[in-house]
Amino acid sequence: MLRGDYKAGTTRVGQAAMPRISSVKANQRKEPPKRLKIEHEAPTSFTDPEKNPYFDPALGTHRTAEPHARRAGKQFQFARPGRYIEQAEKLRNEAKMEQLKVEIAARAEAARLEDEVLDANAIKFSEPPAVEWWDAPFVPNGDAYLSGTMAPVESLITIYVQHPVPVEPPASILSMSSAPSKLMLTRKERKKVRRQKRIEMQREHREKVMLGLLPPDEPKLRMSNFMRIMANQSVPDPTKLEAEVRKQMQARLDKHEAENRARKLTKEQRAEKNESKVESEEQKGIVSAVFRVENLNHPQHRYKVSINAKQNHLTGVALVCPLLSVVVVEGPEKFVKAYKKLMLRRIDWVNSQVKLDAAASGSTGEEQPEIDCSQNSCHMIWQGVIEQRRFTQFRLRDCPTESYAKRFLSNAGCESYWQLAKQFDPSTAAVPSDLLV
């Protein structure tokens, strides 16, 4: 019970009245304890290091017990966020680099094939000539290398400067309209330019009509607006007017279709246009790409690899062996890039149909053997620019042995492709940068 609630308002003789508020001990305000007050400062002998060897000047001479006069403690020095994580990552990267160096050295040692690489002693090197062909005009007797002197030939080295004959460029620099444009516009920008040109042509046509240079266009009548256009004119026969409107609409449609047919290319013109595109792309350079496929026995995979190479105007070969399969394609860079996306991205080498329909496969109802593609994969092992095509068309060949495949590639002058595919390690393969976009 609270003391203030006990018989509030009543007092005894000689006793003060109790307050009408809570008088719990916890709510009573306590006065701070009195601290000792130092009246005098420390004597001089106390601060003298010779007389008092235990005195520390850092503590000061004012001996007070107040909290603000005490020596301030050291603050926490927090580490920068991520500091120790960076140090750990640095140590891990160094350990990975050391491990990678060891693996590369072991792989290089394992790549030395005894029976595949030609022995250096089996190759006969020609002796260096007495005089190189570029020094022959300056060496009269052929013994200048031994004597150390070279006789100058006045007919070859003179004081005159030969200036090349100037050749006119194929297109004039001043006529920029005839020069090919190197600025490639996006689809949105092309539509904008076309729209602006159309608006400009319509504005010029209206101005010529206003000046009287051209007759005004006839109103474009449609079934939805001919009554509004003919509202100010008397129409004795609405049925005849409707027939005239339909006739105009049909005439406009026929004109549009006739213009489209006139612009449409024939089959021969379309083929010629495609050939010209292929030739223009080939003039930029021929690119060759080599792919390694673990298993190319599935009919779907064989068909896609072959038909897409022919459609992209690529030449090469697909060699199917029991150990591995190698696909070599060559052609313009644009078409090789599309074929590379097919091989590395579009074809699902693992989840393919195991069994084919009898109608699709052309069989007589016999069951097709199951083909395991769970461990199948495709990797591009090399790509580069070559001087000319080495194959005339794209072929798909089944090679029962490895020597048969190597002999076929050696006839085309690219036997190293098979050796490169055999030494390739799929576990260390990296994704091409142009396929990450």
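Which residues does Val 305 touch, not counting residues up to four places away in sequence? In this predicted model, they are Leu 296, Ala 318, Val 327, Tyr 339, Met 343, Trp 349 and Phe 394, where touching means heavy atoms within 4.5 Å. Residues are numbered from 1 along each chain as its sequence is written, and side-chain values use heavy atoms, with hydrogens and water left out. Local features need pLDDT of at least 70 and side-chain atom pairs count only at pLDDT 80 or more, while totals for chains, interfaces and linings use all residues.

The protein chain has twelve helices and five strands, taken as DSSP runs (helices H or I, at least four residues; strands E, at least two) and numbered from the N terminus. Of its 437 residues, 19% are buried, that is, under 20% relative accessible area with a 1.4 Å probe, protein chains only.

Val 305 belongs to the largest nonpolar core, which has 22 residues; together with Val 327, Tyr 339 and Met 343, Val 305 touches the most other members. Such a core is a set of buried Ala, Val, Leu, Ile, Met, Phe, Trp, Tyr and Cys residues joined through side-chain atoms within 4.5 Å. Two or more residues each come from β1 (286-293), α8, β2 (315-320), β3 (325-332) and α9, and α9 gives the largest share, five residues. Another core, of 19 residues, lies apart from this one and includes Val 317, Leu 324, Phe 408 and Ala 421.

Helix α8 (residues 299-311) also meets helix α9 (residues 333-346): their axes come within 10 Å and cross at roughly 160 degrees. The two helices are therefore roughly antiparallel, the word used for angles over 145 degrees. Lys 304, Val 305, Asn 308 and Ala 309 of α8 make the contact with Tyr 339, Leu 342, Met 343 and Arg 346 of α9.

The axes of α11 and α12 are 8 Å apart, and the helices pack at an angle of about 135 degrees. α11 and α12 are therefore oblique to each other. On the α11 side the contact involves Glu 402, Ala 405, Lys 406 and Leu 409, and on the α12 side Tyr 417, Trp 418 and Lys 422. Within α12 (residues 416-423), Tyr 417, Trp 418, Gln 419 and Ala 421 are buried; their cover includes β1, β3, β4 (378-386) and α11 (402-411).

Technical notes
Axes are lines fitted to C-alpha atoms, for helices over the stretch in contact, and angles run from 0 to 180 degrees between N-to-C directions. Angles under 35 degrees count as roughly parallel, over 145 as roughly antiparallel, 65 to 115 as roughly perpendicular and the rest as oblique. Buried means under 20% relative accessible area, exposed over 50%, partly exposed in between (1.4 Å probe, protein chains only).
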